[in-house]
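Subject: Structure handover and summary of findings

Dear colleague,

Please find below the structure for your review.

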Amino acid sequence: MPTETPPPQRTALRQRLAELRGPRVAPRPLDARALAALAANPGCRRRALLDGAGVDKTALASALGSPAPFGQSQFAHQRGHVFEARVTADGGEQLVALLRERLSDPGPPPPRDGVDAPELVADGPAGRTARTRLALAQATAAGRWAVLRHPMVSVEVAGSPAYLEPDALVVHPDGSWTVVEIKSFPMLDGSADPTKVGAAARQAAVYVLALRELADAVAADGGPARGVPAAREDTPAGGDAGLSGPVDGTVGAAGLVRQRALLVCPKDFSNLPTAELIDVRKQLSVTSRQLARLTRIEEIAAELPGDATFDLRLADDGKTPTRPVAELTATVDAVPAAYVPDCLASCELAFHCRQAARAAGAVEVLGRGVRGELGGLTTVDAVLGAALGERPATDAAEPSGAARPADPDQAADPAVRALRRAAALRAQALAEAGMGPGPAGRATESEEVTWR
């Protein structure tokens, strides 16, 4: 299959991203887990650029002095690989059996050796993506069950392609496709940890989004029409796209990708597989909307100096960074971030960003809900000043904590009225407890501890 020559604009972008990453540094692939986390915080230009450039954020965080104390253990990683190999060892027949158990209309069982398992070996992500597209087109037209192990699909993220690798993809005899997520966490008495199931659903939604675009391309190449009804995407304003369609329907214009993914996990405390179908329509709607909001990577990169780079300049051992920390920190901080506490569970740079947000007194450290309630009050000093009927100093010549007369227009703000009411109730509680207010109307630290 001939390779498509990228346009000059995309070639220039790839060269720029390579310069930002480092001339001798291989790009770190953007997987579905990272893409789902990126979609959950589309306002973070820092993560969009670093992920788009393929920067190793774990190594970057360590070089900055703020390593993230989380990550999957080697034992859990190995256990997941062993379980996945067991589930798919028979060429996909067990996956098809698990899927048919959960479908409302599974149709006749496949005959012996009736499940195809096409080979997807190719050179590089682009080659594997092209091979997956060809194998899917052939399997869709064959009218048989087929299981594709680790297919490669791509989706554009802020102007840069991201290559994704689902665990497996099942092609039904009617030509529809089902995404398969194989996880090593157990299903106990038919149910699993809701938090882990939600994370799996978000990852599956990313795969469905990428496959939806691929399905449209396959259909444009002359792929067969399907008989399963597609989910409606012309929902009213404020609704979730596709949520009104039949539960066993599909999404996308081509109507090839099913809107429920198959989650395969160990049953109870054994190593035997069990499965459930999870509806990903809501996650698909949210992910698609959030990714569309991402600023294009070339726009973010254009705001940096031409010599800016995130290269750690590793020593000859390939592990020790030689880049001065102050220089690296200045480059990272030149890209705006949108820190929220949720980042701590999904981004390797979260602890560095939290430290900077705390130093700036940003209210984002208190959470999305609090940030939304505070409206135009963007710093902790502004919040405290509004609660105490003051406005913080804005002139560089004034001391940071200087009390100034309140802005008359500020009292009309509902957030300010709520803060002043809370401050009054707090002062009343402290007075009833026999505790006097400390500086700026606050109780002293020892009094706060005693009161609690």
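A nonpolar core is understood here as a set of buried Ala, Val, Leu, Ile, Met, Phe, Trp, Tyr and Cys residues joined through side-chain atoms within 4.5 Å. Please note that the model is predicted.

**Nonpolar cores**

The largest such core comprises 82 residues. L35, L49, L60, V157, W177, L211 and F310 have the most contacts inside it. The element that gives the most to this core is helix α8 (residues 194-220), which supplies 13 residues. A second, separate core has 18 residues, among them F83, W145, L262 and V264. As general background, nonpolar side chains in soluble globular proteins tend to be buried together.

Leaving aside neighbours within four places in sequence, L211 is in contact with L136, V153, L169, W177, V179 and V257.

L169 belongs to strand β5, which covers residues 168-171. Its relative accessibility is 0%, so L169 counts as buried. Beyond residues up to four places away in sequence, L169 touches L136, A146, V147, L148, P151, W177, T178, V179 and L211. The C-alpha atoms of L169 and A261 are separated by 9.5 Å, although these residues are 92 apart along the chain.

T178 is found in strand β6 and is likewise buried, with a relative accessible area of 1%. The side chain of T178 makes a polar contact of 2.7 Å with the side chain of H172. With neighbours within four places in sequence left aside, the contacts of T178 include L99, A168, L169, V170 and H172. R258, R260, A261 and L262 are also in contact with T178.

**Helix α7**

Helix α7 runs over residues 124-142. At 1.5 Å a residue, its 19 residues should span 27 Å, and the end C-alpha atoms are 27 Å apart, which agrees. Which residues of α7 are buried? They are T129, T132, A135, L136, A139 and T140. Viewed down the helix axis, the buried residues of α7 fall within an arc of 135°, so they line one face of the helix. The elements covering these buried residues include strands β2 (145-149), β3 (153-157), β4 (160-164), β5 and β6 (177-182), together with helix α8. After α7 comes G143, whose phi is positive, near 75°.

**Cysteines**

The structure holds zero disulfides. C343 is in no disulfide, and the nearest cysteine sulfur, that of C347, lies 6.0 Å away.

H150 has a positive phi near 50° and lies in the loop between β2 and β3. At 23% relative accessibility, H150 counts as partly exposed. R313 has a positive phi near 50° and is placed in the loop between α10 (297-302) and α11 (325-333). At 37% relative accessibility, R313 counts as partly exposed.

Yours sincerely

Technical notes. Residues numbered from 1 in each chain as written. Predicted model: local features only at pLDDT ≥ 70, side-chain atom pairs only at ≥ 80, totals over all residues. Heavy atoms only, no water. Helix = DSSP H or I, 4+ residues; strand = E, 2+ residues; numbered from the N terminus. Buried < 20%, exposed > 50% of the residue type's maximum accessible area, 1.4 Å probe, protein only. Contact = heavy atoms within 4.5 Å. Disulfide = S-S within 2.5 Å. Expected span 1.5 Å × (residues − 1). Arc of directions from axis to C-beta. Polar contact = N/O pair within 3.5 Å; in protein donor to acceptor, adjacent residues only side chain to side chain.
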